[in-house]
Amino acid sequence: MVQMFEANQALLAGIVLVVVFVVWWIWGRSKPAPKKREYTDVLSEGAEKAARNTALIDAPSAAALVTPPPGVGTMAGIGEVVAAAAAEEVIEAAPAQATPQGDDLGRIKGVGPKLKALLASLGVTSYAQIAAWTDEDIARIDAQLGTFAGRAKRDSWVEQAKLLASGDTATYEAKFGKV
């Protein structure tokens, strides 16, 4: 029997380690339940109102303390003031466009609604403008495209715009897919 223990020492050591691990795992997982603490605050039953909260509730609103700008009635809300200022900014920031509506730049593969709006804000509204871009123009526009930088070359916007400006939809669809 002693010879059997000596011959299988590694196996017995492994069994002992597994048993110790299982006992530790079972014993270590049984933790005492956390003690419940009693919280007493304003929402607890029978508690008095907090003086600070009552003062905040009874105070006049911040909108009543704002003095409206000249030319705006005293009943005008903050939203009306902001809307008026935003309308003025939109009028001032509207880019001068060669054509009143421009082309649908969304037909160029790789130009989605956000990029279309960004190009319009840069004054790019037609296929002819993009078709006439040089490498310097592409670099200048790329610097202003932010996260969309590099898309003009990668998606071949100039080549697509040339085909769309010329009205050659057959060649466009053969090379870039359906319009």
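Is Y172 buried or exposed? In this predicted model, Y172 comes out at 0% relative accessibility, so it counts as buried. Its ring also has a partner: Y172 and F176 make a tilted aromatic pair, with centres 5.3 Å apart and planes at 40 degrees. Both residues sit in helix α11 (residues 169-176), and because they are four residues apart, about one helical turn separates them.

That helix belongs to a fold with eleven helices and zero strands. Buried residues account for 14% of the 179 residues in the protein. As for contacts between residues at least 6 apart in sequence, 46% of them join residues at least 24 apart.

Back to the rings: the count comes to three aromatic pairs. One of them is F21 with W24, a tilted pair because the ring centres are 5.9 Å apart and the planes meet at 35 degrees. This pair lies within helix α2 (residues 9-29), its members three residues apart, or about one turn of the helix. W24 counts as exposed, at 53% relative accessibility.

Next, the charges. Side chains of opposite charge can pair when their charged atoms come close. There are five salt bridges in total. Among them is K175 with E159, where N and O are 2.4 Å apart. This one links distant parts of the chain, K175 being in helix α11 and E159 in helix α10 (residues 157-166), 16 residues apart. K175 is exposed at 52% relative accessibility, while E159 is partly exposed at 32%.

K116 and D104 form another salt bridge, with 2.8 Å between the closest N and O atoms. Here helix α6 (residues 113-121) supplies K116, and D104 comes from the loop between α5 (78-93) and α6, twelve residues away. Both are partly exposed, K116 with a relative accessible area of 34% and D104 at 36%.

D135 and K153 also meet in a salt bridge, at 3.8 Å from N to O. Since D135 is in helix α8 and K153 in helix α9 (residues 151-154), the pair ties together parts 18 residues apart in sequence. D135 is exposed, at 51%, and K153 is exposed too, at 52%.

Helix α8 (residues 135-144) also holds D142. D142 is buried but has no salt bridge, and its nearest side chain of opposite charge is K153, 7.2 Å away. Beyond its neighbours within four places in sequence, D142 contacts A149, G150, R151 and A152.

Conventions:
Residues numbered from 1 in each chain as written. Predicted model: local features only at pLDDT ≥ 70, side-chain atom pairs only at ≥ 80, totals over all residues. Heavy atoms only, no water. Helix = DSSP H or I, 4+ residues; strand = E, 2+ residues; numbered from the N terminus. Buried < 20%, exposed > 50% of the residue type's maximum accessible area, 1.4 Å probe, protein only. Contact = heavy atoms within 4.5 Å. Phe/Tyr/Trp six-rings, centres within 6.5 Å; stacked < 30°, edge-to-face > 60°. Lys, Arg positive; Asp, Glu negative; His and termini not counted. Salt bridge = Lys/Arg side-chain N within 4 Å of Asp/Glu carboxyl O.
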